[in-house]
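Hi,

Here is the structure I promised to pass on.

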Amino acid sequence: MKFNKLNEKLGELGSFILPGGTNASAFLHLSRTIIRRAERSIIDLLEKEEVNPTLLEYINRLSDFLFTLARFAAKIDQKEEMIYIRPDPKMKIYTPVSPDVWKKSKE
């Protein structure tokens with residue numbers, strides 16, 4: 001199945017999704033993040049060495065493909081994608097702990 005056909009079956013993505021789902025989709029998301037790290041390393045390398053420009057394009061497309069495969073694997077396993085919802089900045093996420101909390105008590 002071609003990459004564009006996979007995307008058509010998944011539908012348009014209107015939000016960020018959280019990695020996860022099934023083992024297969026989670027491992028595909030993990031692979032994608034490793035490829036993204038490699039992409040950033042190649043960009044750093046470009047400042048120091050001459051690199052075939054096709055390599056960067058290939059790595060970028062591979063990352064896109066792994067992302068699509070991860071979404072497709074979740075769909076096959078009938079797992080709903082978890083949409084990332086940005087927290088409300090007005091909402092207090094945690095309460096700071098007193099600095100004395102880590103001091104040993106004198107008993």
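Let me start on the outside. Phe16, Leu18, Met82 and Tyr84 make up a nonpolar patch on the surface, and their accessible area comes to about 450 Å² together. One of them, Met82, sits in strand E2, which covers residues 82-83. Met82 counts as exposed because its relative accessibility is 54%, and the cut-off for that label is over 50%. Do keep in mind that this is a predicted model.

Now the overall picture. The chain has 3 helices and 2 strands, and reading from the N terminus the order is α-β-α-α-β. Of its 107 residues, 21% count as buried. The chain exposes about 9,200 Å², with carbon and sulfur atoms supplying 57% of that. If you take the contacts between residues at least 6 apart in sequence, 78% of them join residues at least 24 apart.

Next, a residue at the other end of the accessibility scale. Ser25 belongs to helix H2, residues 23-46. With 0% relative accessibility, Ser25 is classed as buried, since the label applies under 20%. What does the side chain of Ser25 find for a polar partner? One of its polar atoms lies 2.9 Å from the backbone nitrogen of Thr22. Once neighbours within four places in sequence are set aside, Ser25 touches Gly20, Ala70, Ala73 and Ala74. Three of those names turn up again in helix H3, where Ala70, Ala73 and Ala74 are among the buried residues.

That brings me to H3 itself, which runs over residues 53-76. This helix has 24 residues and spans 35 Å from first C-alpha to last, close to the 34 Å expected at 1.5 Å a residue. Besides the alanines, its buried residues include Ile59, Ser63, Leu66, Thr68, Arg71 and Phe72. For reading a list like that, remember that an α-helix has 3.6 residues a turn, so residues three or four places apart point the same way.

Both ends of H3 have something to look at. At its start, a side-chain oxygen of Asn52 comes within 2.9 Å of the backbone nitrogen of Thr54. Just after the helix, Gln78 adopts a positive phi of about 55°.

Cheers

Key
Residues numbered from 1 in each chain as written. Predicted model: local features only at pLDDT ≥ 70, side-chain atom pairs only at ≥ 80, totals over all residues. Heavy atoms only, no water. Helix = DSSP H or I, 4+ residues; strand = E, 2+ residues; numbered from the N terminus. Buried < 20%, exposed > 50% of the residue type's maximum accessible area, 1.4 Å probe, protein only. Polar contact = N/O pair within 3.5 Å; in protein donor to acceptor, adjacent residues only side chain to side chain. Contact = heavy atoms within 4.5 Å. Patch = residues over 30% accessible without salt bridge, like charges linked within 9 Å, V, L, I, M, F, W, Y side chains within 5 Å. Areas by Shrake-Rupley, 256 points an atom, 1.4 Å probe, with all protein chains shown as cover. Salt bridge = Lys/Arg side-chain N within 4 Å of Asp/Glu carboxyl O. Expected span 1.5 Å × (residues − 1).
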